[in-house]
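This report looks at a few places in one protein chain and asks how each of them is set within the fold. Please keep the sequence and the 3D structure in view while reading.

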Amino acid sequence: MKKVKIAVGVIAIIIISFIYAHISKANMIYDKNVDNSEYLSTGVVYEGEIQQSFLCNEDFLDAIQVRTQVFGDVSEMQVEYRLLDGETEQVLASGTVNSDEIESSRFYEFNFDRIENTNGKEYIFELKNIGAKENQGIGFYFQPAIEDNTFLVISDNKTEGTLIMKTVTNRFDVETFVIFLIFLIYIIVFMNFLYKLFNK
């Protein structure tokens, strides 16, 4: 009976860890070691668009996150976004969000239907303010350095920088699974130790 309980407990721990390890895996295209104080802002790009190219290192893509900045009242404005194939410039995904959904100095997630077979391929993420004015609209943060396999274009001008941007893939993450599994085992062993210690 005791062996059955242990087996059930082990299976339960593995199942819980497996479920927990299905996460939104975010991969930075910028350098995480660059201090936030060094970030620059695009300001409100109200004419033209912002284009950031990147190389994907996941098998598929579900979303893009970009750190944003809000200028003025944006309640009547929108941000249009598109994901393009880096070679053919074919539009793979697109959408529009209301600007008042976006918070300043936070990452906003631009969602789209899953793009398959993306590993090792180059893509361009494009952002465009709709209805914005010179000092009223949505801006985006970037670091003042170009990362490998990227380029940043702001209103048709190639810019020395990289958007503070992450690719998002909803998948099972082995590292998260192992860490959470070890954590659960540690908690169970520790609680068992305390139980035996105080019941002597």
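## An exposed loop residue

A residue is called buried when its relative accessible area is under 20%, exposed when it is over 50%, and partly exposed in between. The model shown here is a predicted one, and asparagine 149 can be judged by that cut-off: because its relative accessibility is 52%, it counts as exposed.

Asparagine 149 sits in the loop that runs between β9 (137-143) and β10 (151-154). Leaving out residues up to four places away in sequence, asparagine 149 touches Ser53, Phe54 and Leu55. Its C-alpha atom is separated by 23 Å from that of glycine 139, a residue 10 places away along the chain.

## The nonpolar core

Which residues have the most contacts inside the largest nonpolar core? They are Phe54, Phe110, Phe125 and Leu127, in a core that has 32 residues. At least two residues of this core are supplied by each of β3 (50-55), β4 (60-71), β5 (78-85), β6 (91-98), β7 (107-116), β8 (122-130), β9 and β10, and the largest share, 4 residues, comes from β7. In soluble globular proteins, nonpolar side chains tend to be buried together.

Phenylalanine 110 shows how such a residue is surrounded: when residues up to four places away in sequence are not counted, it touches Ala63, Ile64, Val66, Val79, Tyr81, Val97, Phe125, Leu127 and Phe140.

## A buried threonine in a strand

Threonine 68 lies in strand β4, and it counts as buried because its relative accessibility is 0%. Apart from neighbours within four places in sequence, threonine 68 is in contact with Ile102, Glu103, Ser104, Ser105, Arg106, Tyr108, Ile138, Gly139, Phe140 and Tyr141.

Two of these contacts can be described further. A polar atom of the threonine 68 side chain lies 2.9 Å from the backbone oxygen of glutamate 103, while the C-alpha atoms of threonine 68 and serine 105 are separated by 5.4 Å, although these two residues are 37 places apart along the chain.

## A nonpolar patch on the surface

Nonpolar side chains are also found on the surface, where Phe183, Tyr186, Ile187, Phe190, Met191, Phe193, Leu197 and Phe198 form a patch with about 870 Å² of accessible area together. One of these residues, tyrosine 186, is found in helix α2 (residues 174-197), and tyrosine 186 counts as exposed because its relative accessibility is 52%.

Conventions
Residues are numbered from 1 along each chain as its sequence is written. This is a predicted model: local features need pLDDT of at least 70, side-chain atom pairs count only at pLDDT 80 or more; totals for chains, interfaces and linings use all residues. Side-chain values use heavy atoms; hydrogens and water are left out. Patches are made of residues with over 30% relative accessible area and no salt bridge: like charges are joined within 9 Å, nonpolar side chains (Val, Leu, Ile, Met, Phe, Trp, Tyr) within 5 Å. Accessible areas come from the Shrake-Rupley method with a 1.4 Å probe; for residues, only the protein chains shown count as cover. A salt bridge is a side-chain nitrogen of Lys or Arg within 4 Å of a carboxyl oxygen of Asp or Glu. Buried means under 20% relative accessible area, exposed over 50%, partly exposed in between (1.4 Å probe, protein chains only). Contact means heavy atoms within 4.5 Å. A nonpolar core is a set of buried Ala, Val, Leu, Ile, Met, Phe, Trp, Tyr and Cys residues joined through side-chain atoms within 4.5 Å. A polar contact is a pair of N or O atoms within 3.5 Å; within protein, one must be able to donate a hydrogen and the other to accept it, and residues adjacent in sequence count only if both atoms are side-chain atoms.
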